[in-house]
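Hi,

Here is the structure I promised to pass on. Have a look at it first, and my notes on the pocket and the cores follow below.

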Amino acid sequence: MSNKGVVLFKASKEDGKDLYVDLFQQNGLCARCIPVLRFDFLNLDILHAALLQPENYSGIIFTSQRAVEAVEKAVQMVGSEEDWTKDLSKKWAKLPAFVVGEATAAAAACLSFTTIGENTGSAESLVPIIREAVKKGDRTLLFPCGNLRRETLPQKLADEGINLNSITVYNTIADPNIQETLLQYIQEQTVLELA
């Protein structure tokens, strides 16, 4: 194995398996992930209250895996995980969960959501799919989102008369440990070269 290293500025997968790390290692390079972003969850109590009322919604929109993670945290945090698996997930499963991307769809499916739109690559390309399923005057769509979300989707849906309950459920911030982690990696590499 080469002692040459590759730094991937991204979070490593929670299960420890990362396709990119594996590919680099298969090609004789040592790869390490260094996260550059951190996600702080917020408003989970507000999200939880919304999740308790599926009858008020026409569906839910997930434009990121973090939004799905926020739903999972809201369910767990407030202690209603049993209610979710016993009752609420079945009610939400009857409503469409509009998703951007296959990974987001897979995460939502793990919570029993019935996903639509996994082949879309952006929130904007999800709009026609939503417009097809939800009409002006229908109940509101629940939209858990991040602080950096674009206004394209909310604006286009508002133009169609489709109401959203947008709840900011996570903040994306720079990882405060990036400099320390990178310096530690450089020192480890220097020690390897000296050995």
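The largest pocket has 39 residues in its lining, and those nearest its centre are Phe39, Ser64, Gln65, Arg66 and Tyr170. Keep in mind that this is a predicted model. The space in that pocket comes to about 1,200 Å³.

The top contributor is α3, with seven residues. Domain 1 (5–37 + 174–194) and domain 2 (41–173) both supply lining residues, so the largest pocket sits between them.

Now for the packing. The largest nonpolar core holds 27 residues, and the ones touching the most other members are Leu47, Leu51, Phe62, Val71, Trp92, Phe113 and Leu142. Elements giving two or more residues to this core are α2 (44–51), β4 (57–62), α3, α4 (81–93), β5 (96–99), α5 and β8. Here too α3 gives the most, this time six residues.

Val71 is worth a click in your viewer. Setting aside neighbours within four places in sequence, Val71 is in contact with Leu47, Leu51, Ile60, Phe62, Leu111, Phe113 and Pro144.

There's also a second, separate core, made up of 13 residues, with Ile61, Ile130, Val134 and Cys145 among them.

Cheers

Conventions:
Residues are numbered from 1 along each chain as its sequence is written. This is a predicted model: local features need pLDDT of at least 70, side-chain atom pairs count only at pLDDT 80 or more; totals for chains, interfaces and linings use all residues. Side-chain values use heavy atoms; hydrogens and water are left out. On a 1 Å grid over the protein atoms alone, a cavity is a set of points where a 1.4 Å probe fits but cannot get out, and a pocket is an open set with protein on both sides within 12 Å along at least five of seven lines; lining residues have an atom within 4 Å of a point. Grid points are joined across faces, edges and corners, and a volume is the space filled by probe spheres set on the points. Helices (H or I, at least four residues) and strands (E, at least two) are DSSP runs, numbered from the N terminus. Domain bounds come from an automatic or database domain assignment. A nonpolar core is a set of buried Ala, Val, Leu, Ile, Met, Phe, Trp, Tyr and Cys residues joined through side-chain atoms within 4.5 Å. Buried means under 20% relative accessible area, exposed over 50%, partly exposed in between (1.4 Å probe, protein chains only). Contact means heavy atoms within 4.5 Å.
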